[in-house]
Amino acid sequence: MTHNEDEHQWLAEQFEASRSHLRAVAYRMLGSLSEADDAVQESWLRLSRSDTSEVENLGGWLTTVVARVCLDMLRSRKSRREDPLDDYTPDMNREDGIDPEQEVLLADSVGLALLVVLNTLSPAERLAFVLHDLFAVSFDEIAPIVGRSPTTARQLASRARRRVRGGTSTPDTDLTHQREVVRAFLAASRTGNFDALLTMLDPDVVFRLEPAQVSLDTPKEIRGAAAVAKQFSGRAREAQPALVNGAVGVVVAPRGHLQLVLGLTLAHGKITEIEVISDPERLRQLDLAVLDD
């Protein structure tokens, strides 16, 4: 085996050792497993074409490369008109080797609410936040990737952090209580526990649908705990709590792609109103944030 072949094999081994980390970075940057794998593959191509003889930290170098690739992909995505939110439908017959169930599990592990909120950030904000807050990359390393100073990179991450974590003035005790009610409601919904659903709904609860969701057989409003509980029993499998305009609500985002939001009103530990929001324009106007545990 020649020296070049030895070096190529060594690089391939080092790359494979870093693949899972690079994929994790790319997935959080892009929110798509197929795009993340494309970014990782492009990183390998750049590695195989580069002179790495003076690279002291190959793992860090690869993280930088995959971040640059993802940033380019995000900017390209922003320059195009992104697909409308309601045009997203999971492709269960994909030919790219990605198992849709695998992507669902990965999205769950990352947090669907986090993926949804990350999609509201600018590419530079998203990169700064993901690399620094999720992967502990220094701002000195982030700065040249986004073409800014370390101070500006820090500001980008800080601005993103506020968006991700929310800037609500609602007292923590209220949020904690709301979160407990909503999570219990979703758990009862997923398991089809009708009696448990009833205990969390106000007797006069109102469930409001958007006009586009109303058919001849579906009223615009459904009233009463029993009638509303029937609408949710055995459902909500892809729903997660999130902050919606500063209050605890629900996002439904298959594989991290936002489809609808449930705005909730609570009083005295009961859900008194549920509003479905699925219109793409209304969804874009919502202030969404991750709900901390």
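Two strands are taken to pair if DSSP finds at least two bridges between them. Helices (H or I, at least four residues) and strands (E, at least two) are DSSP runs, numbered from the N terminus. The model is predicted, so that local features need pLDDT of at least 70 and side-chain atom pairs count only at pLDDT 80 or more, while totals for chains, interfaces and linings use all residues. Residues are numbered from 1 along each chain as its sequence is written, and side-chain values use heavy atoms, with hydrogens and water left out.

**Figure 1. Pairing of strands β1 and β6.** Strand β1 (residues 201-208) and strand β6 (residues 270-277) run parallel and are joined by 4 bridges. Within this pairing, Val206 has Glu273 of β6 as its bridge partner. Helix α11 (residues 225-232) lies across β1, β2, β5 (260-267) and β6, and runs at about 55° to β1. Here, axes are lines fitted to C-alpha atoms, for helices over the stretch in contact (heavy atoms within 4.5 Å), and angles run from 0 to 180 degrees between N-to-C directions.

Figure 2. The open sheet has 7 strands in the order β2-β1-β6-β5-β4-β3-β7, and its pairing is mixed. At the edges stand β2 (221-223) and β7 (288-289); each has a single partner strand, so one side of each is left without a neighbour in the sheet.

**Figure 3. The hairpin of β5 and β6.** Strands β5 and β6 run antiparallel and are joined by 7 bridges. One of the bridge partners is Lys270 in β6, which stands with Ala267. The two strands form a hairpin with 2 residues between them, and His268 in the turn has a positive phi of about 55°.

**Figure 4. Strand β4 between its partners.** Strand β4 (residues 247-252) pairs with β5 in the antiparallel sense over 3 bridges, and Val250 has Leu262 of β5 as its bridge partner. Strand β3 (residues 239-244) is joined to β4 by 6 bridges, and these two strands also run antiparallel. Gln240 stands opposite Val251 in β4. The hairpin of β3 and β4 has 2 residues between the strands, and Asn245 in the turn has a positive phi of about 50°. Strand β4 is mostly covered, with 5 of its 6 residues buried; buried means under 20% relative accessible area, exposed over 50%, and partly exposed in between (1.4 Å probe, protein chains only).

**Figure 5. The surroundings of Ala67.** Ala67 is located in helix α3 (residues 58-79). This residue is buried, with a relative accessible area of 0%. Not counting residues up to four places away in sequence, Ala67 touches Met29, Leu127, Leu131 and Ile145. Ala67 and Val146 are 79 residues apart along the chain, and their C-alpha atoms are separated by 9.5 Å.

**Figure 6. Helix α6.** Helix α6 (residues 123-134) has 12 residues and reaches 16 Å from its first C-alpha to its last, close to the 16 Å expected at 1.5 Å a residue. The expected span is 1.5 Å times one less than the number of residues in a helix. Of the 12 residues of α6, 9 are buried, so the helix is largely enclosed by the rest of the structure. Among these buried residues are Pro123, Glu125, Arg126, Leu127 and Leu131. Ala136, which follows α6, has a positive phi, near 55°.

**Figure 7. Aromatic rings.** A search of the whole structure finds 3 aromatic pairs. The rings of Phe15 and Trp44 have their centres 5.3 Å apart and their planes at 55°, so the pair is tilted. This pair links distant parts of the chain, with Phe15 in helix α1 (residues 3-30) and Trp44 in helix α2 (residues 33-48), 29 residues apart. Both Phe15 and Trp44 are buried. Phe185, Phe207 and Phe232 form one aromatic cluster. Rings of Phe, Tyr and Trp (its six-membered ring) pair if their centres lie within 6.5 Å; planes under 30 degrees apart count as stacked, over 60 as edge-to-face and the rest as tilted.

**Figure 8. The chain as a whole.** The secondary structure of the chain comes to 12 helices and 7 strands. Buried residues make up 43% of its 293 residues. Among contacts between residues at least 6 apart in sequence, 65% join residues at least 24 apart.
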